[in-house]
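Please open the structure in your viewer and keep the sequence panel beside it. The tour below goes from one selection to the next and says what is to be found at each stop.

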Amino acid sequence: MISIALHSAKGGVGKTAAAVNLAYLAAQHGYRTLLWDLDSQAATSFYLRVKPKIKGGGKALLKGKSDVDDLIKGTDFENLDLLPSDFSYRKFDVILDDAKDAGRLLRKRLKPLKNDYDAVFLDCPPGVSVLTEAVLDACTAILAPVIPTPLSLNAVSQLLDFRQRKGYTHSLYLPFYSMVDKRKSLHRGLIEHPPALLEGLLESHIPYASEVEQMGTKRAPVGAFAPRSRAAECYGALWTEVSRRLF
Amino acid sequence: MTSIRSYLVGETLSSSELASWLCRQLEMTDDGLSKVSLRYLDTADWDLYRHNLVLEECIVEKDRRLRLMTLGERRLLSSLESKKRPRFSFEIVESLLGKRLAPIIGTAELLCMARMKGKIHCFHRRNEDGKTVLKLQLEMLNVVKSKTASISLTPRLQLTPVRGYQDYFDSAHMAIQKELGFTATKQDRLLSARTSTIVNLADEDMRSDAESAAESIHAKLLEWLETAKANVAGIYADSDPEHLHDFRVSIRRTRAALKHLRKAFPPARIKPLAREFADLAQNSSPLRDFDVMIANLKQQQHELPDEHRSEMTPIFRLLRAERTEARRRLLNWLSSQRYGQLIEQWEEMLVGGELKSALAPGSPHPLEQIAAEGISELFHLTLAQGKSISPTTESTLLHELRKTLKKLRYTLELFEPLYKKGKIKKILKSLKGLQEGLGELQDADVQMESLRWVRAQIDHKTHPGSITAIDALIELRREQEQQARRELGQAFEAFTTLEGRRRIASLCATTKHGSTS
């Protein structure tokens with residue numbers, strides 16, 4: 001089982017949209033896929049029309065008192081399940097901080113899923129926190145959406161420093177440009193000449209597109225309601241690249 | 001999590017009535033009908049099937065998708081949208097499906113083992129968030145045997161749970177079973193599809209060796225099973241009495257075959273199946289009897305003088321009421337778990353390879369020997385029972401002889417592939433005259449008996465005219481019976497001529513594959 005975390009220290013960079021669309025594409029390509037909405041804002045759960053509530057809350061889940069199996073919800077899409085968000089996830093950092101080894105705790109929760117799933121996508125909340133540490137330690141790869149702007153690059157730099165400092169370099173770090181607006185020279189410039197900071201940058205990038213915004217009204221991945229759109233094509237290309245690297 | 005549940009759909013409701021019931025009672029949304037084409041892919045050695053897997057190519061409208069699932073539960077292991085059907089796993093090696101297939105099938109070619117076509121009517125239920133919480137589909141499929149021939153399968157309702165929304169599934173399951181009375185079946189569609197594949201082998205008459213003969217016999221058994229199953233919908237619909245007739249003939253043939261084939265199995269293996277088939281046959285008799293009775297009386301009332309014809313109305317009313325009750329009892333049997341289990345067990349035995357391996361050349365009980373013993377036994381019984389034929393022989397004895405002859409005919413037809421072409425046909429031809437004679441006699445007897453039964457049910461005081469009409473009909477049948485009896489002796493002699501006996505004896509001594517011991 002491959003575990004992929006969608007993470008960025010900065011908010012509003014397209015993490016959730018990427019998580020939902022990539023998980024959907026993995027499922028479409030025959031991978032039994034689970035998407036875990038780790039963000040208490042519950043955007044992923046909203047997109048997939050699942051109530052953001054889990055029995056026993058986040059504490060029971062992380063401490064292994066709830067059976068993960070009982071909390072998973074099937075989505076409207078073949079092969080794709082969701083472990084929904086819960087408002088109590090906002091306290092994840094406190095719970096993980098109490099544990100001696102946050103990464104080990106998360107790994108333990110992921111382990112029983114390996115018989116049922118080929119891929120698990122984790123949609124992480126923004127920021128650099130104890131949860132980030134756990135994710136960096138426990139996941140196979142970190143997919144990092146980056147808007148081609150200085151602020152976003154700054155957030156990447158922060159995370160990479162943190163990763164280096166803590167020694168979580170065993171997981172693959174794969175940045176990709178997100179919310180790209182090619183009318184902007186800054187975006188064009190950074191795409192043509194990516195900074196050295198973005199080592200391993202994926203070639204595919206996700207445009208700033210209305211279809212992605214429409215996910216909020218359609219409450220479905222782009223591929224499900226606009227399969228021929230530019231955004232769907234770009235997510236498709238990103239998936240191809242990711243799957244070649246990881247599967 | 002509960003897996004998919006399938007139900008065999010009885011035809012008490014039309015498909016549109018069923019659709020509106022699902023929308024009304026289960027709050028399902030109708031997604032409409034789609035044309036579907038299914039192909040089951042496997043290696044020539046059924047490697048996937050042996051691993052309890054099904055590889056299904058499903059084409060809905062223009063969407064073509066390959067699905068690898070567990071057999072029965074239909075738990076999805078991998079799926080792949082594909083423009084072209086792969087022939088080898090290495091053609092799709094980059095996909096997860098290819099990676100899953102490779103260790104199981106290696107470099108073996110994927111062949112189309114069975115094909116189904118038809119329509120699927122999809123429904124889903126959404127909760128207040130617009131989230132799908134239950135999926136359901138009504139499958140109306142045909143197994144494609146050749147370009148021109150297909151077998152229609154009993155329609156199925158497939159209820160698919162959505163993980164995390166078990167309550168919706170449980171309540172729908174309860175409602176379907178309790179309110180619609182549909183039987184849940186664990187059998188995968190593939191098993192039905194496999195049936196057709198094996199039947200195809202018989203159609204092609206491709207090989208002439210012992211293995212091919214065993215396969216042809218196996219195919220006949222499957223064909224009878226399919227015929228029985230295909231006619232159940234018609235019995236429910238009550239559209240034509242021939243559905244019940246064909247159903248009963250298939251069951252009778254199956255029973256005759258089981259009687260012989262049990263020798264190839266441990267003693268307790270076939271007995272429970274044979275007992276259940278016997279019970280099924282017995283339970284289907286009353287309805288058939290009433291069908292025949294009503295049809296005969298309809299014909300016979302024209303033989304009556306005009307003044308008696310109108311007296312038949314209360315008789316028909318009575319018979320129809322009795323028929324309704326007999327039909328109710330049979331439908332109860334057919335919708336019972338017991339029936340579902342019987343068909344499932346028999347089908348599993350046929351397609352699961354158990355029967356095939358028991359009949360395969362080199363097995364401890366060679367098929368040739370089983371055939372020779374069966375034919376010989378029944379022929380000698382025919383001779384013994386026929387010896388006492390005279391114009392005064394009791395009807396019950398003649399009825400026994402008729403049953404023995406029928407079994408002999410079914411046995412000869414079952415084992416026909418073991419013998420040289422035409423050999424069995426000649427014997428069947430000589431059997432025909434005797435069977436027809438006994439049939440006429442039986443018809444007359446049954447009709448007289450049923451007329452006497454009807455006479456006993458009618459109130460003499462309120463319907464004196466009806467009694468007279470029945471008496472007249474009984475007299476006509478008695479004359480018919482006497483005539484049949486007179487001709488019977490000759491027919492028996494024609495069947496048991498020296499030439500006829502030699503033909504049977506030669507069957508018992510050899511098959512086209514060699515001598516029996």
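Select chain A and consider its contacts (heavy atoms within 4.5 Å): among those between residues at least 6 apart in sequence, 79% join residues at least 24 apart. The model is a predicted one, in which local features need pLDDT of at least 70 and side-chain atom pairs count only at pLDDT 80 or more, while totals for chains, interfaces and linings use all residues. Residues are numbered from 1 along each chain as its sequence is written, chains are lettered from A and ligands numbered from 1 in the order in which they are written, and side-chain values use heavy atoms, with hydrogens and water left out.

Chain A has twelve helices and seven strands, where helices (H or I, at least four residues) and strands (E, at least two) are DSSP runs numbered from the N terminus. Of its 247 residues, 60% count as buried, a word that stands for under 20% relative accessible area, with exposed for over 50% and partly exposed in between (1.4 Å probe, protein chains only). The accessible surface of chain A comes to about 10600 Å², of which 49% belongs to carbon and sulfur atoms; such areas come from the Shrake-Rupley method with a 1.4 Å probe, and for residues only the protein chains shown count as cover.

**The sheet of chain A**

Next, colour the strands of chain A, which form an open sheet of seven strands in the order 3-4-2-5-1-6-7 with mixed pairing; two strands pair if DSSP finds at least two bridges between them. At the edges are strand 3 (73–74) and strand 7 (172–177) of chain A, each of which pairs on one side only. Select strand 6 (residues 141–146) of chain A together with strand 7 of chain A, and you have two parallel strands joined by six bridges, with A:L143 standing opposite A:L174 in strand 7 of chain A.

**Single residues in chain A**

Go to A:L136 in helix 7 (residues 130–138) of chain A, which counts as buried at 1% relative accessibility. Leaving aside neighbours within four places in sequence, A:L136 is in contact with A:I142, A:L159, A:F162, A:R163, A:Y168, A:H170 and A:S171.

Which residues does A:T16 touch, not counting those up to four places away in sequence? They are A:A43, A:T44, A:Y47 and A:D123, and A:T16 itself, found in helix 1 (residues 15–28) of chain A, is buried at 14% relative accessibility.

Most residues other than glycine have a negative phi. A:A42, in the loop between strand 2 (33–37) and helix 2 (43–47) of chain A, has a positive phi of about 60 degrees although it is not a glycine, and A:A42 is buried, with a relative accessible area of 6%.

**Chain B**

Now select chain B, whose secondary structure comes to 17 helices and twelve strands, and of whose 517 residues 52% count as buried.

Show helix 8 (residues 267–300) and helix 15 (residues 423–457) of chain B, whose axes come within 11 Å and cross at roughly 90 degrees. In helix 8 of chain B, B:F290, B:M293, B:N296, B:L297 and B:Q300 meet B:Q447, B:S450, B:L451, B:W453 and B:V454 in helix 15 of chain B.

Finish at strand 9 (residues 156–161) of chain B, where six of six residues are buried. B:R156, B:Q158 and B:T160 point one way from this strand, and B:L157, B:L159 and B:P161 the other way. Strand 1 (residues 5–8) of chain B is antiparallel to strand 9 of chain B and joined to it by four bridges, with B:R5 opposite B:L159. Strand 7 (residues 132–144) of chain B also runs antiparallel to strand 9 of chain B, with six bridges between them, and there B:E139 stands opposite B:R156.

Methods. Axes fitted to C-alpha atoms, helices over the stretch in contact; angles between N-to-C directions.
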